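Please keep the sequence and the structure in view while reading.

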Amino acid sequence: MELALKYIDYDATKYDVQKALEAVLHGPDLYDPNDPENKGRVPNFSVRLEEPRVEGRLHNGEGFLSLPTVKLGNRFLDWLRDPAHRKEGIRVCGRKLYISRSQTRMTEEHKRILENALYIAPEQE
């Protein structure tokens with residue numbers, strides 16, 4: 001499942017966005033290490049930031065979050081809609097991300113890679 005990311009701080013790097021999303025996707029609300037469906041691993045995901053339209057910026061403030069399954073994507077969106085999390089949301093460099101379903105679909109190859117590859121933390125990447 002692919003989700004659209006908007007209102008990303010222009011000073012934020014891909015690393016900053018990944019760390020903020022990792023804290024939620026691998027946190028206790030969405031990841032259960034005892035669930036057999038997880039195969040004993042944290043869920044994999046990828047972040048892609050759009051190319052900048054203005055010279056000197058890292059990105060244009062938008063991007064995409066790719067998740068391996070629709071089930072995880074729906075759980076993540078439900079987590080964001082929960083009143084306990086809605087106010088704070090996910091913040092990157094102090095700015096709240098706007099996350100919605102994307103109009104684009106990820107390729108089958110990208111989906112297979114996310115499903116089968118082990119998650120590599122941004123620090124190791």
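Which backbone oxygen lies 2.8 Å from a polar atom of the side chain of Arg41? That atom is the backbone oxygen of Glu115. The model is predicted: local features need pLDDT of at least 70, side-chain atom pairs count only at pLDDT 80 or more, and totals for chains, interfaces and linings use all residues. Residues are numbered from 1 along each chain as its sequence is written, and side-chain values use heavy atoms, with hydrogens and water left out.

- Arg41 is located in the loop between α1 (14–25) and β2 (46–49); helices (H or I, at least four residues) and strands (E, at least two) are DSSP runs, numbered from the N terminus.
- Arg41 counts as partly exposed because its relative accessibility is 23%; buried means under 20% relative accessible area, exposed over 50%, and partly exposed in between (1.4 Å probe, protein chains only).
- Not counting residues up to four places away in sequence, Arg41 touches Tyr31, Glu115, Asn116, Ala117 and Leu118, where contact means heavy atoms within 4.5 Å.
- Arg41 and Tyr31 are 10 residues apart in sequence, and their C-alpha atoms are 9.3 Å apart in space.
- The backbone oxygen of Asn116 lies 3.5 Å from a polar atom of the Arg41 side chain.

**Helix α2**

- In α2, the residues Leu72, Gly73, Phe76, Leu77, Trp79 and Leu80 are buried.
- They lie on the same side of α2 because they cover an arc of only 155° around the axis, the arc being that of the directions from the helix axis to the C-beta atoms.
- The buried residues of α2 pack against β1 (2–6), α1, β3 (63–66), α3 (83–86) and β6 (98–101).

Methods
A polar contact is a pair of N or O atoms within 3.5 Å; within protein, one must be able to donate a hydrogen and the other to accept it, and residues adjacent in sequence count only if both atoms are side-chain atoms.
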